[in-house]
Amino acid sequence: MNWQVKYALANFAKEGRSRAEHLGGEVIRIVTEDRPDVVAAITAAANVDEATAVDYRNSVEGLDFLCGYRAECVWEGEAIRFLEENRVGWGSFGTLGSAVLDGNANSAQHKVYKFSDRLLRQYGPVVTVDREFDRIHRVTLRNGEELRIGMIADYEPTADQVRTLWDRFGPVDIIWNINPNGTPQPEANEAGRELGCEVMLWNELRERLARE
């Protein structure tokens with residue numbers, strides 16, 4: 001049994017409200033009273049691209065949820081679109097744990113980025129959203145301007161986190177600190193200026209997107 005499956009089973013056993021069993025390979029079934037059973041694949045991949053998502057969808061019968069167990073797991077936009085179009089939930093182990101209790105594993109998406117993704121899509125000045133990665137969105141505004149926005153969920157983003165996001169995902173116009181209680185460190189703002197992007201919270205971003 002793979003290490004990530006062992007940890008997943010152990011965590012469900014510890015949590016106590018759901019019972020999980022190993023179905024083989026990287027696949028488990030989670031049973032929760034008064035909720036639909038969930039078939040989930042627990043992957044150790046550090047990066048989930050479309051080919052990976054398609055392989056899991058086609059090889060696991062009745063797949064409800066694809067779980068990236070590593071904390072650093074990155075989901076590419078094409079993989080996200082494929083999974084959502086095929087009614088397969090996706091995200092972290094924390095996302096899976098919440099989804100089985102909510103009974104919506106098939107439609108769940110990574111809980112870290114779910115709210116901010118929805119905010120962008122529902123905000124009036126934003127006309128289109130192209131999700132390139134779980135944390136990178138390219139938006140087109142009503143005034144025709146196009147912006148590439150990266151998200152950092154930490155409480156106090158550091159200069160190193162700003163530079164790491166830039167190096168990993170390429171240049172962005174804005175880095176959005178999506179933690180509602182967060183405040184970027186002054187060094188993070190300075191790192192953004194050096195790279196050529198702005199680091200901001202939602203209130204500032206909302207005003208920036210509404211600018212005519």
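This note sets out points on the fold and surface of the structure above.

1. The model is predicted: local features need pLDDT of at least 70, side-chain atom pairs count only at pLDDT 80 or more, and totals for chains, interfaces and linings use all residues. Residues are numbered from 1 along each chain as its sequence is written, and side-chain values use heavy atoms, with hydrogens and water left out.

2. The chain contains eight helices and twelve strands (DSSP runs, H or I of at least four residues for helices and E of at least two for strands, numbered from the N terminus).

3. Along its principal axes, the C-alpha trace spans about 50 × 30 × 30 Å.

4. Of the 212 residues, 48% are buried (under 20% relative accessible area, with exposed over 50% and partly exposed in between; 1.4 Å probe, protein chains only). Lys14, in helix α1 (residues 3-15), is exposed because its relative accessible area is 67%. The C-alpha atoms of Lys14 and Ala99 are separated by 17 Å, although the two are 85 residues apart along the chain.

5. Glu50, Glu78, Glu84 and Glu85 form a negative surface patch (residues with over 30% relative accessible area and no salt bridge, like charges being joined within 9 Å; a salt bridge is a side-chain nitrogen of Lys or Arg within 4 Å of a carboxyl oxygen of Asp or Glu). Helix α3 (residues 77-85) gives the most to this patch, with three residues. Glu50 lies in helix α2 (residues 50-59) and is partly exposed, at 34% relative accessible area.

How values were computed: Patch = residues over 30% accessible without salt bridge, like charges linked within 9 Å, V, L, I, M, F, W, Y side chains within 5 Å. Areas by Shrake-Rupley, 256 points an atom, 1.4 Å probe, with all protein chains shown as cover. Lys, Arg positive; Asp, Glu negative; His and termini not counted. Charge placed at Lys NZ, Arg CZ, Asp CG, Glu CD.
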